[in-house]
Amino acid sequence: MRTWGGPREIDSSGYYVQEKHVVVTFTLEDIRDLELNGFSHQNVLSELILRKDTDGYQLELGPCFGICGTINAGSVCIELEPGKPLG
């Protein structure tokens with residue numbers, strides 16, 4: 001997953017200024033339940049929520065365009081790599 005932060009400024013082309021790029025990798029193990037819908041060649045999330053529950057974790061993918069759904073897993077590892085993704 002790719003995300004970024006930055007000021008709420010608009011550039012000369014009318015787009016938000018994007019700074020502080022990071023690639024976030026979620027590694028989920030012991031997947032117990034999976035419900036995904038709408039996967040396409042381009043997927044944009046409105047939100048991503050990670051919750052701890054009694055059996056492990058639930059990762060909720062909020063819809064914007066393309067994929068949405070939930071994944072329930074026993075464990076989650078999150079890695080952050082500063083910078084824009086290659087390609």
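Arg32 is partly exposed because its relative accessible area is 46%, where partly exposed lies between buried (under 20%) and exposed (over 50%), worked out with a 1.4 Å probe and protein chains only. Arg32 also forms a salt bridge with Asp30, and the closest N and O atoms are 2.8 Å apart. This is a predicted model, so local features need pLDDT of at least 70, side-chain atom pairs count only at pLDDT 80 or more, and totals for chains, interfaces and linings use all residues. Residues are numbered from 1 along each chain as its sequence is written, and side-chain values use heavy atoms, with hydrogens and water left out.

**Charged pairs**

- Side chains of opposite charge can pair when their charged atoms come close.
- The term salt bridge stands for a side-chain nitrogen of Lys or Arg within 4 Å of a carboxyl oxygen of Asp or Glu, and the count here comes to 2 salt bridges.
- Asp30 counts as partly exposed because its relative accessible area is 46%.
- Arg51 forms a salt bridge with Glu60, with 2.8 Å between the closest N and O atoms.
- Arg51 is partly exposed because its relative accessibility is 37%, and Glu60 is partly exposed because its value is 23%.

**Asp30 and its backbone**

- Asp30 sits in strand 2; strands (E, at least two residues) are DSSP runs numbered from the N terminus.
- Although Asp30 is not a glycine, its phi is positive, at about 55 degrees.

**A nonpolar patch on the surface**

- Which residues form the nonpolar patch on the surface? They are Ile31, Leu34 and Leu36, which together have about 270 Å² of accessible area.
- Patch members have over 30% relative accessible area and no salt bridge; nonpolar side chains (Val, Leu, Ile, Met, Phe, Trp, Tyr) are joined within 5 Å, and like charges within 9 Å.
- The accessible areas come from the Shrake-Rupley method with a 1.4 Å probe, and for residues only the protein chains shown count as cover.
- Ile31 belongs to strand 2 and is partly exposed because its relative accessibility is 47%.
- Leu36 lies in strand 2, which covers residues 19–37, and counts as partly exposed because its relative accessibility is 38%.

**Strand 2 with strand 5**

- Strand 2 pairs with strand 5 (residues 68–82) in the antiparallel sense, over 14 bridges; two strands pair if DSSP finds at least two bridges between them.
- Leu34 has Ile71 in strand 5 as its bridge partner.
- Ile31 and Ser75 are 44 residues apart in sequence, and their C-alpha atoms are 8.3 Å apart in space.
- Leu80 is found in strand 5 and is exposed because its relative accessible area is 61%.
- From Leu80 to Thr25 the separation is 55 residues in sequence and 6.6 Å in space, C-alpha to C-alpha.

**Strand 3 with strand 4**

- Strand 3 (residues 44–53) and strand 4 are antiparallel partners joined over 9 bridges.
- Leu45 stands opposite Pro63 in strand 4.
- How many residues lie between strand 3 and strand 4 in their hairpin? There are 2 residues between them.

**Strand 4 with strand 5**

- Strand 4 (residues 56–65) runs antiparallel to strand 5, and 5 bridges join them.
- Leu61 has Gly69 in strand 5 as its bridge partner.
- The hairpin of strand 4 and strand 5 has 2 residues between the strands, and Gly66 in this hairpin takes a positive phi near 90 degrees.
- Ile67 and Asp53 are 14 residues apart in sequence and 23 Å apart in space, C-alpha to C-alpha.

**Aromatic rings**

- Lys52 lies over the face of Tyr57, at 4.8 Å from the ring centre; a charge sits over a ring if NZ of Lys or CZ of Arg is within 6 Å of the ring centre and within 35 degrees of the ring normal.
- The structure holds 0 aromatic pairs, where rings of Phe, Tyr and Trp (its six-membered ring) pair if their centres lie within 6.5 Å, and planes under 30 degrees apart count as stacked, over 60 as edge-to-face and the rest as tilted.

Definitions and conventions. Helices (H or I, at least four residues) and strands (E, at least two) are DSSP runs, numbered from the N terminus.
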